[in-house]
Amino acid sequence: MSTPEQYSDAEWRARLSPEQYRVARLGGTERPFSGEHYPRTEHGDYHCVCCGSLLFHSDTKFDAGCGWPSFWAEAAGNRIKRLRDTSHGMIRVEVRCADCDAHLGHVFPDGPEPTGERYCINSVCLKFTPTP
Ligand SMILES: [Zn+2]
């Protein structure tokens, strides 16, 4: 049995919805204000939809008004990696799941304190688990 890091393209296609596959595996972007987690305010954890790795806590979620779920910090443990993204004529920092390489979104230097960062993440790349 293969683990998420070893899945082939065909396996990802079979395991994910077409929209999840397009955004997480092909580096796409969901339409703003379309995602299920954007308005969510419950307490809980946000996991990678591809491999289940814990990525964010609701404690760091905030409304940036941009139409995508935003967080000012990642969950502990270096589960997110950063890559320089020069597509669309912009220099941005792409964020991916460190475990399975799923595209998550981008991180910008205009977030609230204490980090001053804003992780702008596609809802479709996240799976929410409520916690008490
Ligand atoms: Zn992952």
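Buried means under 20% relative accessible area, exposed means over 50%, and partly exposed is anything in between. Keep these words in mind for the views that follow, which come from a predicted model.

**View 1. Four cysteines hold the zinc ion.**
Start with the metal. The zinc ion is coordinated by the SG atoms of Cys 48, Cys 51, Cys 97 and Cys 100, at 2.3 to 2.4 Å. What arrangement do the 4 donor atoms make around the zinc ion? It is tetrahedral, because the donor atoms subtend angles of 103 to 116°. Along the chain, the donors follow the spacing C-x2-C-x45-C-x2-C. Cys 51 lies in the loop between β1 (44–48) and β2 (54–57), and Cys 97 lies in strand β6 (residues 92–97), so this pair ties together parts that are 46 residues apart in sequence.

**View 2. The UniProt binding site gathers at one spot.**
An unreviewed UniProt entry places the feature "binding site" at Cys 48, Cys 51, Cys 97 and Cys 100. These residues span 53 residues in sequence, yet no two of their C-alpha atoms are more than 8.8 Å apart, so they gather at one spot. Look also for Thr 3, which sits in the segment before α1 (9–15).

**View 3. How covered is each cysteine of the zinc site?**
Which of these cysteines are buried, and which are partly exposed? Cys 97 is buried, because its relative accessibility is 0%. Cys 48 has a value of 1% and counts as buried, and Cys 100, at 5%, is buried as well. Cys 51 has a relative accessible area of 24%, so it is partly exposed.

**View 4. Cys 48 and Cys 100 with the residues around them.**
Cys 48 belongs to strand β1, while Cys 100 is found in the loop between β6 and β7 (103–108). Leaving aside neighbours within four places in sequence, Cys 48 is in contact with Ser 53, Leu 55, Cys 97, Cys 100, Ala 102 and Cys 125. With residues up to four places away again left out, Cys 100 touches Pro 4, Trp 12, Arg 25, Cys 48, Cys 50 and Cys 51.

**View 5. Strand β1 and its two partners.**
β1 is mostly covered, with 5 of its 5 residues buried. One partner is β9 (126–130), which runs antiparallel to β1 and is joined to it by 5 bridges. Here you can find Tyr 46 opposite Phe 128 in β9. The other view of β1 is with β2: these strands also run antiparallel, joined by 3 bridges. Asp 45 has His 57 in β2 as its bridge partner. Between the strands of this hairpin are 5 residues, and Gly 52 in the hairpin takes a positive phi near 85°.

**View 6. The largest nonpolar core.**
The largest nonpolar core has 26 residues, and those touching the most other members are Cys 50, Phe 56, Tyr 119 and Ile 121. Seven names to look for are α2 (18–25), β1, β2, β6, β7, β8 (118–121) and β9, each supplying at least two residues of this core. Which element gives the most to this core? It is α2, with 3 residues. Now follow Tyr 119: apart from residues up to four places away in sequence, the residues it touches include Phe 56, Pro 69, Phe 71, Trp 72, Ile 80, Val 95 and His 106.

Most residues other than glycine have a negative phi, and most peptide bonds are trans. Against that background, here are some spots to look at. His 88, in the loop between β5 (80–85) and β6, has a positive phi near 60°. His 88 is exposed, because its relative accessible area is 68%. Asp 101 lies in the loop between β6 and β7 and has a positive phi of about 70°, although it is not a glycine. Asp 101 has a relative accessible area of 31%, so it is partly exposed. Finally, a cis peptide bond joins Glu 113 and Pro 114, with omega about 10°. Pro 114 is in the loop between β7 and β8.

Notes. Residues numbered from 1 in each chain as written. Predicted model: local features only at pLDDT ≥ 70, side-chain atom pairs only at ≥ 80, totals over all residues. Heavy atoms only, no water. Donors = N, O, S within 2.8 Å, 3.2 Å for Na, K, Ca; no water. Tetrahedral: all angles 85-135°; square planar, octahedral: opposite > 155°, others 65-115°. Helix = DSSP H or I, 4+ residues; strand = E, 2+ residues; numbered from the N terminus. Buried < 20%, exposed > 50% of the residue type's maximum accessible area, 1.4 Å probe, protein only. UniProt positions renumbered as here; feature names shortened; annotations may be inferred. Contact = heavy atoms within 4.5 Å. Core = buried A, V, L, I, M, F, W, Y, C linked by side-chain atoms within 4.5 Å. Pairing = 2+ DSSP bridges.
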